[in-house]
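Q: Could you walk me through this model, one topic at a time?

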Amino acid sequence: MNIDSIKNGIVIDHIKAGNGMKIYQLLKLDRLDCSVALVRNVQSSKMGKKDIIKIDCDIDINMDILGYVDSGVTVDIIKDCILVEKKKIGLPEKLVNIITCKNPRCITATEQELDNVFKLTDREKKVYRCIYCEGKAE
């Protein structure tokens with residue numbers, strides 16, 4: 001398989017195998033008017049298998065989404081075919097409008113204009129809770 005290198009854009013690497021499509025959907029990459037490659041189950045000496053996403057345009061991506069889905073990903077920024085920056089992503093402390101509260105009695109269920117805000121309450125277990133009702137993110 002041959003995937004061309006990108007001139008200016010982003011490479012999201014070290015995605016746990018199977019998480020690439022979830023990231024693709026949450027970042028709404030299908031709406032971009034540039035080349036986007038999602039490569040699944042790539043052999044990796046460190047991870048066994050991994051997913052990779054290559055975006056051939058310079059866009060801002062929501063790092064909180066990446067950290068929430070897979071806190072081990074790296075983001076490579078490419079300019080003129082040269083790697084200019086490599087970012088390691090960790091778990092975000094707060095998630096805003098990335099996930100929604102599943103509690104039907106939460107104020108966010110009735111007050112549609114309220115942001116869905118979750119805070120990280122247990123870093124080890126990756127547990128997020130709604131700031132309004134303390135409901136656990138699924």
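**Starting points**

Q: Is Gln43 buried or exposed?
A: Gln43 counts as exposed, because its relative accessibility is 60%. Here buried means under 20% relative accessible area, exposed means over 50%, and partly exposed lies in between (1.4 Å probe, protein chains only).

Q: What sort of model is this, and how are residues numbered?
A: It is a predicted model, in which local features need pLDDT of at least 70 and side-chain atom pairs count only at pLDDT 80 or more, while totals for chains, interfaces and linings use all residues. Residues are numbered from 1 along each chain as its sequence is written, and side-chain values use heavy atoms, with hydrogens and water left out.

Q: Back to Gln43: where does it lie, and what does it touch?
A: Gln43 belongs to strand β2, residues 36-44. Apart from neighbours within four places in sequence, Gln43 is in contact (heavy atoms within 4.5 Å) with Gly48 and Lys49.

Q: How far is Gln43 from Cys133?
A: The two are 90 residues apart in sequence, and their C-alpha atoms are 42 Å apart in space.

Q: How many helices and strands are there?
A: The protein chain has three helices and eight strands. These are DSSP runs numbered from the N terminus: helices are H or I with at least four residues, strands are E with at least two. From the N terminus on, their order is β-α-β-β-α-β-β-β-α-β-β.

Q: How much of the chain is buried, and what does the C-alpha trace span?
A: Of the 138 residues, 39% are buried. Along its principal axes, the C-alpha trace spans about 50 × 30 × 25 Å.

Q: Which residues have the most contacts inside the largest nonpolar core?
A: They are Ile12, Ile23, Leu27, Leu66, Tyr68, Phe118 and Tyr128, in a core of 29 residues. Two or more core residues come from each of β1 (9-16), β3 (48-55), α2 (63-69), β4 (74-79), β7 (117-122) and β8 (127-130). Of these elements, α2 gives the most, with four residues. A nonpolar core is a set of buried Ala, Val, Leu, Ile, Met, Phe, Trp, Tyr and Cys residues joined through side-chain atoms within 4.5 Å.

Q: What does Tyr68 touch?
A: Not counting residues up to four places away in sequence, Tyr68 touches Pro92, Leu95, Ile98, Ile99, Tyr128, Ala137 and Glu138.

Q: New topic: in which sense do β4 and β5 pair?
A: They pair in the antiparallel sense, over six bridges, and β5 covers residues 82-88. Two strands pair if DSSP finds at least two bridges between them. Val75 stands opposite Lys87 in β5. Two residues separate the strands of this hairpin, where Asp80 takes a positive phi near 50°.

Q: How many salt bridges are there?
A: The whole structure has five salt bridges, each a side-chain nitrogen of Lys or Arg within 4 Å of a carboxyl oxygen of Asp or Glu. In one of them, Asp76 and Lys86 meet at 3.3 Å, N to O. Asp76 lies in β4 and Lys86 in β5, so the pair ties together parts that are ten residues apart in sequence. Asp76 is buried, at 9% relative accessible area, whereas Lys86 is partly exposed, at 47%.

Q: And what is the partner of Arg123?
A: Arg123 forms a salt bridge with Glu93, the closest N and O atoms being 2.1 Å apart. Arg123 lies in the loop between β7 and β8, and Glu93 in the loop between β5 and β6 (94-96), so this pair ties together parts 30 residues apart in sequence.
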